[in-house]
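Hi,

Here is the structure I promised to pass on. Have a look at it first, and then read my notes below.

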Amino acid sequence: MAAPTLQQPSFVLANLKADSTTKPLLHRCQDLVKIIDEYPAKELHLIFPWLVETVFGSLDGIITGWNLRLLHSRSPEYNIIMEFLNPSGPMMKLVYKLQAEEYKYEIPVNYLPGPVKASIQQGVLPDCPLFHNKLQFPLSGLLTLNFNPFEYYMFNFAYCLLMPKTYPPGHHGNNTDTAYFVLVDIYLKYFLPSEGNVPPSPFSDSRGSVTAPSPSRSSALSLSGYGVHSPSLLKHHIFHQPTVNADPAAQEIWRTEALLQMFVEVWLHHYSLEMYQKLQSPQVKLALLQYRLSMSSMPCQPHAPPGSGTLHTYQVLLPFHSPSALWGLLEEPFSPTEEHVLVVRLLVKHLHAFSNSLKPEQLSSSPPTHSHTHTSPLEEFKRVVVQRFVQQKLYLFLQHCFGHWPLDASFRAILETWLSYIQPWRYTGEKVPSPTDQNRTVLEKWEPFVQENLLVYTKLFQVFLNRALRTDLVNPKNALMVFRVAKVFSQVNLPEMIQKGEQLFLEPEHVLHHRQPRGGYLTPGQGGSFLSSRQRVVTDTVFKVKSHVYSIEGQDCQYKQMFGTELRGAVMKLIQQIAQARQTAKRISDHSSEMAANNSFLSWFGLGSPDQNNTFNGTEPEESGECLKKTHDLLDKALEFICQIFKLNQGQLTQLMSNLGSSEEDANAKQLPDCIQGENGLILTDVGRMQIINGLRRFDIQYQGDPELQPIRSYENAALVRLFYRLSTAVNERFGAHMNALCSRSDFLGRLGRHYLTDPQTFTRIRHNPVTQRSPYRPPHPRLSLRTLASYRTLLMLMLLYMFGALLSLGPVSSTLIIISGAFLYGLFMTLFGDKIKTH
């Protein structure tokens, strides 16, 4: 809905609404193009909210819009929509025409991310310039935010990702091939270009070019008049200031910042309300002021580039809370989808490429005091974009996902997003010819990034390590994730950079404060030492690392070193689990090969293994054969990379591996899982469950009930099984006494009867059940069993025999008599010579 209270009826809008249900999409887009070109902004102002809702869907989810998240390139409407929503297309032209007139559009606070909504409703203004001077109190009493047309469009575009997606029947597709995913990529490349400046608006009207919105023109009401705290004077952001109009290039920077802030706030923001409430307390405000004053008085205080500011409000709040309280503040119900994570990864990759496109001379030189006169605003934005806008929110987003994501293969999306962020050197635009050891070296210029993102490397690695210890590494997908992380962290120089960052953080505070007198640093010409500049750099780095950790974990955090003794023990457990998984994968692969040989085509003729219960239950069907060979290779390489990361002693590793040798593993595999004795039998322990999950040990489970009542197998015909069971039951009830008398005889006829009317394997394979004390089932008396005739293998053999008889000009009756005679002769032979054959 638009900001003005009185809306005049629009005949154009009424016609568009009517055409939306009758005309095809192509004709509707053509009509919209004409309307956008020909009509003035006053008329388009009434159309714009309806059009945005038609494209992206309504915020309440009632209207689905054009289903950009389900629209793939194979759809005939794909090209039409992409051309219409292109950054230089008709939709953006409409946005710029309305932007020139400074129209405003309302977004109810209820549709903001949960924590932001709750914060505003509690009277706390978020520390994001995106929400400043935009809060409105309409007569309806519903809090709203007044966005300009560009912000309104981008908010609806970003919010589209959070709406529930319902697939139509039979629809399945790749999330990275949809129109929405492609549009995100196009918008990022257009408004955050790696080369050149942001393209200026190609549209203009009689009023002139489109300019950045001025805060002074924004309608804002005093928060104090409505029982809401007024914004703190400390919440001051250097962007969105009127001074940007001094440079023509700066007139377009506001779009870049607005787009990025909208994406970050909508996709990554999940802070809790308690954090905002703590933020507004007088004690925290006082501590905030003291903290910033101490920063300004520090001799090592670096000059902040425009836009970077000091530690913003979110960062300053956290140092005054203990870690236990911090966990409670950060936890909230938030469940991003896999598509959501993939879009976030696209954002991370593009921001790295955007930031790394900073010119080397601008990157190496310190920012001057009046940098806007020497450096373009876009270059300054590149310098601070990752640290200022993304670093902390992305860390909390990943930390939440690491702790709440299911222990399955879908975690790969989260993992790759994390690995993309901690490897900015992959997105420098340089082509790497081959992944050799030399090319896998992390250059020293990336050391500041590693140190200023220390927790993203160390804390998330520790969380991943805990996940890996709880997953089944025999699964090829889980093995691949462990391999990916080990390979990334084993890059040359990276472990040393992380370890150095930990040493800087653990440097005592008193050393930091006593390095130089409070008066400042003296230059050599003033009597100072030539080492003072080097000392200042070190102190500067220590301060950055400490501020990064304290801003997220709190001033009293108990930091666990990645290369400490505690984590080293967990790494040794992972190595042990990897070694066990390797041997298990090899054993399952060998067992699968044997089973494949036994179940070959010859087994249809009775030459395969007759045991129906010898299938290995240690893994899923798709995780066998070649997949498990690949698992063994991945785990082998992962083990090598982990040894490189933590510089493990080869002797200790050899000793550990020798304790897990193949002979011992094979012996353990034949043992029962770890159990305790209960009243009704054995009870699995937690160790036993882990042994079964990882395929290390298993119960030798066999069907020990009535063979006639066992579940119908996949190689049996269900109808024939039931038919033959009824037939054999009727025969057994009718002639049971005669069968029992026949089998009780000790002569040749008794032996022949026992061959046909009893199952000898039932007695030869009987074992004591390890789970219960009850004895396995024993047939009460001899009986006839026809279930073998329901097997597809038996049916195929009979069909082949009848076909062979037909070739010999034998009729069905003759073939039947020959088959029965052959079966009788076979039984006669086994009765006479069966014992001798078994003995040999």
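How close do the axes of helix 14 and helix 16 come, and at what angle do they cross? Before I get to that, a word on where this comes from: it is a predicted model, so local features need pLDDT of at least 70 and side-chain atom pairs count only at pLDDT 80 or more, while totals for chains, interfaces and linings use all residues. Residues are numbered from 1 along each chain as its sequence is written, and side-chain values use heavy atoms, with hydrogens and water left out.

Now the helices (DSSP runs of H or I with at least four residues, numbered from the N terminus, as are strands, which are E runs of at least two). Helix 14 (residues 338–356) and helix 16 (residues 377–404) have axes that come within 9 Å and cross at roughly 150°. An axis here is a line fitted to C-alpha atoms, for helices over the stretch in contact, and angles run from 0 to 180 degrees between N-to-C directions. That angle makes helix 14 roughly antiparallel to helix 16 (over 145 degrees is roughly antiparallel, under 35 roughly parallel, 65 to 115 roughly perpendicular, and the rest oblique). Their crossing is left-handed, meaning that the near helix is turned anticlockwise from the far one by less than a right angle; clockwise would be right-handed.

Who touches whom there? On the helix 14 side you'll find V341, V344 and L351 among others, and they meet a set in helix 16 that includes F381, V385 and L394 (contact means heavy atoms within 4.5 Å). The residues of this contact divide into 12 nonpolar, two polar and one charged. For those classes, Ala, Val, Leu, Ile, Met, Phe, Trp, Tyr, Cys and Pro are nonpolar, Asp, Glu, Lys and Arg are charged, and the others, Gly among them, are polar.

Next, go to the start of the chain. Helix 1 (residues 11–19) and helix 3 (residues 41–56) have axes that come within 9 Å and cross at roughly 30°, which makes helix 1 roughly parallel to helix 3. This crossing is right-handed. F11, V12, L13, L16 and K17 of helix 1 meet E43, L46, I47 and W50 of helix 3, and that contact has seven nonpolar, no polar and two charged residues.

On to the rings. The whole structure has 33 aromatic pairs (rings of Phe, Tyr and Trp, using its six-membered ring, with centres within 6.5 Å; planes under 30 degrees apart are stacked, over 60 edge-to-face, and the rest tilted). One to look up is W418 with F489: the ring centres are 5.6 Å apart and the planes at 45°, so the pair is tilted. W418 lies in helix 17 (residues 412–421) and F489 in helix 20 (residues 476–489), so the pair ties together parts 71 residues apart in sequence. Those two helices pack at about 5° with axes 11 Å apart.

The order is 1-3-2, with antiparallel pairing (strands pair if DSSP finds at least two bridges between them). I107 has L145 in strand 3 as its bridge partner.

Strand 4 and strand 5 form a hairpin with two residues between them.

Cheers
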